[in-house]
Amino acid sequence: MNRNGSIIHMSGIRKVYDTGKVKVEALKGVDLEIRKGEMVAIVGPSGSGKSTLMNLLGCLDTPTAGSYELGGDDVAGVTRDELAEIRNRRVGFVFQNFNLLPHISSQENVEMPMLFGGVPVRERRERARDLLTKVGLGDRVDHKPTELSGGQMQRVAIARALAMDPAIILADEPTGNLDTSSGSDIMSIFNELWKQGRTLVIITHDPALAKRASRVVEIRDGVVMNDHMN
Amino acid sequence: MITIHDVLAQLLRDVRAEKLRTFLTIFGIVWGTVAISLMLAFGNGLHQHLIVQTAGLGDRIVIAWPGATSIPFQGLGKGRKLRMTDEDVAYIQAQVRELKGICGEYENNLRVEYNAKTISVDTAGVNDVYGSMRNQVPSPGGRFIDALDVRDQRRVAFLGDKLAADIFGTIDPVGKTILVNQSPFLVIGVLKKKAQDSNYNGPDNQKMFIPVTTYRALTGEKYIDDLIFQPPSAADTKKTIDAVRTALAHKLRFDPSDKEALAAWDTTDQFKFFDNFMLAFNTFLGIIGVLTLIVGGIGVSNIMNVVVEERTREIGIKMALGAKQRWILMQFLVETMLVTAIGGAFGFAISIGICSIFPKAAEEFVGHPEVSPAVALLTAAALGLVGLIAGYFPARDAARLDPVVAMKL
Ligand SMILES: Nc1ncnc2c1ncn2[C@@H]1O[C@H](COP(=O)(O)OP(=O)(O)O)[C@@H](O)[C@H]1O
Ligand SMILES: [Mg+2]
């Protein structure tokens, strides 16, 4: 964490996708500062660069240019193993398409980050069970993702994101594949997490959901167009 | 902090998840191992069988007897009787370096007693090399005379199978003590039944063999009866016989062209056909073996390759959750090794099973097939290695991608 309490500090971030034939500049110089405990909604039209931004925030991808400090540490020039550790300990991801491992149970999916984080087996089991109970899936620990509804899968994903107790939760259109009622369930869980003091960054198309955030950042065509507190 | 337990647990989950694919990989390795193990088992069995059937007298050997000179030499008249000692044999061995083996053989009737039985047995004093040169294959549980027996002048005896039956009946002679010219001798082996259509001094199944040193001490005999040697190959026999005769001529002073001074029986003629046949047969086996390995290798590597491609998304997810590259690769390595080990073990077991139910009646014609653990191990390892290489690089490539790229693939 740096001096002014910001947990995320991006400046001049650019991302160019080079597919060989064409180059797409998805982000054209983004400056973004997020303080601890904020709940930020990132909105904008499809193709504007929201997912690209989130992948960079979560160290799933590396920027073409610009600097990024996460929790006060410069992420540029960090080794792949160190990036893996950052993803493991500092952030939790929730994706639009869940990205659960299909062949294993909810319980095992939630244990996965703790496995990579070196948490002892017993603690892993207990914590995974606790988290699943907290998101309302205490009776679904042995189900595989294919045996769950979309809303349930997303709740498994949230439990998994919380497994290593990260300071930041990153969610990319978490309700995008859900019906309205499961979507609002998920949003309530996020609100709860926010109240507990976690920092949340949520990408969404839904203006109603954006209203529940403390701050809305609007991305358009790879740049930040608008940034205001609710 | 990731433990072996974690790796194995993860592995079990993945294997459970992809039953068909795991089955196919294991099947590929089992198939290759069985095919190659059986092929070599039967090939070897047949080879041994043919040797026993056609080479009862010996394996490409020449048998030679010192005779009398027929040409005057350096003032010595013809008709001189020649006698050879061990020293002469050692001299030949030193002069004719290319010999694969040489043995001077002493031979006489000795008196053998066991329990109340006393019989006169045609006995040969020989060295350890004699065993392989003359194809004296022991029955299971016994052995032929070895170098230590010769060095230490041990009182041990190797019996022809018919002789053993005459003395011992149905009792296993190995480990029993007999009296030879009143000295106790330990029986160390019995000849495995072999076909022997020609002989000198009688067929091996009625003879007894003791270490050459022991023989000399027991009988006081100084002169050998005959000389057995093995040319480097069946094609060089004539040249080798001449070299041996020349060396002996130098030592015993006779004309090197005097064929009667050292009469030689070349038994290698029958091997010309045998060698050609075995060459063709082994070439055939080799080609089939290589083809099997190639086909098996392609199968296994294809499956491994597909697996990694299918799994790239999962690898991406795992990396997003904090898995390091070495975890991904370690899992892959352990998994491949385990699959290989299981496949190899099954393959080995199946091969042994097939050999054990192979009808005894058929063994009379094609010999006894015996699976070699080394062959099974090597085959499975080779296939596993192919799979490992085929899977390792795609796995490493996947683990090198940015997680987001891997997840989208
Ligand atoms: N892996 C990629 N390769 C090439 N172009 C990409 C890739 N990912 C995204 N893009 C492009 O970058 C732009 C931003 O994409 P994205 O960040 O996914 O937008 P959003 O999430 O706001 O819909 C789009 O034009 C998209 O086509
Ligand atoms: Mg998107």
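**From chain B to its interface with chain A**

In chain B of this predicted model, 78% of the contacts between residues at least 6 apart in sequence join residues at least 24 apart. Chain B contains 13 helices and nine strands. Of its 409 residues, 48% count as buried.

We turn next to the interface. The size of an interface is often expressed as the accessible area lost when the parts come together. Between chain A and chain B, the buried area is about 2500 Å², with carbon and sulfur atoms giving 56%. On the side of chain A, the residues that lose the most area to chain B are A:Arg80, A:His103 and A:Phe116, which together account for 25% of what that side buries. In terms of contacts, 28 residues of chain A meet 29 residues of chain B.

Polar and charged interactions also cross this interface. Nine residue pairs are in polar contact, both residues having pLDDT 80 or more, and two salt bridges are found. One of these salt bridges pairs B:Arg326 with A:Asp81, with the closest N and O atoms 3.2 Å apart.

The side of chain A that touches chain B draws two or more residues from each of helix H2 (80-89), helix H3 (106-116) and helix H4 (121-134) of chain A. H2(A) gives the most, with six residues. By class, this side of chain A comprises 13 nonpolar, seven polar and eight charged residues.

Note on methods
Residues are numbered from 1 along each chain as its sequence is written. Chains are lettered from A and ligands numbered from 1 in the order in which they are written. This is a predicted model: local features need pLDDT of at least 70, side-chain atom pairs count only at pLDDT 80 or more; totals for chains, interfaces and linings use all residues. Side-chain values use heavy atoms; hydrogens and water are left out. Helices (H or I, at least four residues) and strands (E, at least two) are DSSP runs, numbered from the N terminus. Buried means under 20% relative accessible area, exposed over 50%, partly exposed in between (1.4 Å probe, protein chains only). Contact means heavy atoms within 4.5 Å. Buried area is the accessible area (1.4 Å probe) that two parts lose on being put together, summed over both. A salt bridge is a side-chain nitrogen of Lys or Arg within 4 Å of a carboxyl oxygen of Asp or Glu. A polar contact is a pair of N or O atoms within 3.5 Å; within protein, one must be able to donate a hydrogen and the other to accept it, and residues adjacent in sequence count only if both atoms are side-chain atoms. Ala, Val, Leu, Ile, Met, Phe, Trp, Tyr, Cys and Pro count as nonpolar, Asp, Glu, Lys and Arg as charged, and the others, Gly among them, as polar.
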